[in-house]
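Here is a short report for a reader new to this structure. Look over the sequence and model first, then read on.

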Amino acid sequence: MKRVYKITLLFGITILVASCHNNSAPNYQYFPNMYESVGYETYSESNAFKNGKEGQLPVDGTINRGFVPYEYENTPEGYELAKANLKSPIDSLDRSSDKGQALYEIYCISCHGAAGNGKGKLVEREKFLGVPSYKDRVITEGSVFHVVTYGLNAMGSHANQLSAHERWLVADYVLKLRSQL
Amino acid sequence: MKKVGNHNSNSRKLFLSLALMLTFSLTSFAQDATPAAATEAPVAAQGGDPVKGKELFNSNCAACHKLDAKSTGPALRGIAQKHDMAWIYKWVHNSADLIKSGDAAAVKVFEENNKVPMTAFPALSEGDIDSIIAYTSEVKAEAPAPVPGTAVAGSSDQGGISNSVILGALALVMAMLVVMLFLVNNVLRKVAKANGIEVASKTPTTPIWKAFAKNQFLVLVTSIFLLLASAYFVYGFLMQVGVDQNYEPIQPIHYSHKIHAGDNEINCKYCHSAARVSKNAGIPSLNVCMNCHKNIAEVAESTATPEYSKAFYDEQIQKLYTAVGWDKSTQSYTGKSQPVKWVRIHNLPDFVYFNHSQHVTVAGIECQTCHGPVETYEIQKQFAPLTMGWCINCHRKTDVKMEGNEYYTKIHEELSKKYGVDKLTAAQMGGLECGKCHY
């Protein structure tokens, strides 16, 4: 009798423990010092720095490898200057490749639409309104590059998602779309 | 009336444990359910017709103007009361000229809005502008106050609650059945006693376990079976140590991949742009969020689900604004930002090297292959086990993408000759070598 009782109890406890398995906590690790890095992990907290973050901003004036300074300012005058004077440095090989399209379909298509008519998914669903068709605006490759770099009105800057070269590819594809509208 | 006491009490215990289990499962369900605030009543449809105005407004003005809130430009509702129509025509057709001419009102508007020039719209006719003004002059539909009697809220919340209610009712019924069994048993015993019937005196037979212990063959077979079974479970337990499949932590901001990547079809790489070019996919920095959310301060009514209300989602956007230091009322950054402590989900051990760009850009593998149907996840979780066996299996099955990759042309020719195949798998390219991932 007692034994049966004990077995039932044990069984019940096992079921309870199993049912308490919690997905919001990580599992145990075997020899965690093989798993956890001794050095700082990206984005981790660390008291080695004043603000407690591993991710630090680069020192002012830092230039990353391959960076080409962009001399037009983020002002209406800078925009006009870029529109008039800025020319694309990419070669015909880049222009004929489909890289620009691939990038456009990641970064621009949601608002500007696959055809560049300003009817992207976000516009269709009325999340983001007032996206103009490329046809309705006077744009040059310089002005497109300028706007992708700095953003304009409701559009934000995409300079940290796209490198300068990639922005030129996108600008080229935008003009290609515009000519087809 | 003979009664086998042993049998009966066993089943009783079984019932009890079942009831216990059900009760516990109930509480665990209750913990999972998020309190959903009452969904707000839909805004009543507006009267009046300036439909054309709305269309024009949405395609031309809405990039910078909202009706009731300052955006890049000022809020436009009731703008006709502030300026006369002739002035508005001039302003819309070419605001820069108007400012240059020294018009006091124009200069004032220009300076109030951080001197951001408005795009000129010479193409809009005066009739068009009239329709837009008609649209902006519509009275704002007040959010209908909760009228007593017309119950709006609650109806959509039913799904979550009714489930736990049903489970609770079931548990209750079970508990009642158990109690009734006890009572019936007692009553029967009493009746038997009252009628003078002797209740089952146990006949002393050899208990079943003693009989079992005497049968050596049975004992042997049972112990072998038990050993194998426990080995199976111990192995299963050991193999899941350090595996975080389905890990689903609670994040500081409730970010729904379902809304962004699913409903709105935003490309994964829009936010995780580093996955194209770097080892890490990266946590998108908040400026990427602000590319859209500068303009989207609240979610649409239709985004709310029974589980998560509009108020809940709006609160999450507010959390983003607090973190990034964005002041909604002035449409500017305050400079007071604070980090968001995202909880990392996919965490490879320190002794494994994995490179996103190699898989995403070079191999052209879909994000979903490893991360699962993220576009359906309201709460992000780890889809793959991320064990070595899982990596290796995929390397064995997946052909290397050769098209448009000159780097592979020569080695592909040599290796396919060596293995006598047309297409090389990642494994044949050296994807199984220890040093590829562990060094």
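Why does B:Leu238 count as exposed? Because its relative accessibility is 52%; exposed means over 50%, buried under 20%, and partly exposed in between (1.4 Å probe, protein chains only).

This is a predicted model: local features need pLDDT of at least 70, side-chain atom pairs count only at pLDDT 80 or more, and totals for chains, interfaces and linings use all residues. Residues are numbered from 1 along each chain as its sequence is written, chains are lettered from A and ligands numbered from 1 in the order written, and side-chain values use heavy atoms, without hydrogens and water.

**Helices of chain B**

B:Leu238 sits in helix H9, residues 216–239 of chain B. Helices are DSSP runs (H or I, at least four residues), numbered from the N terminus. B:Ile411 belongs to helix H18, residues 406–419. B:Ile411 is partly exposed because its relative accessibility is 37%.

UniProt, in an unreviewed entry, places "transmembrane region" at two spans of chain B, residues 165–184 and 217–238. Such annotations may be inferred rather than shown by experiment.

| Span in chain B | End C-alpha distance | Helix |
|---|---|---|
| Residues 165–184 | 28 Å | 100% |
| Residues 217–238 | 31 Å | 100% |

**Between the chains**

The contact (heavy atoms within 4.5 Å) takes 47 residues from chain A and 56 residues from chain B. A:Tyr35, A:Ile106 and A:Asn153 supply 12% of the area that chain A buries against chain B. Buried area is the accessible area (1.4 Å probe) that two parts lose on being put together, summed over both. Between chain A and chain B it is about 4,600 Å².

Notes: Helix = DSSP H or I, 4+ residues; strand = E, 2+ residues; numbered from the N terminus.
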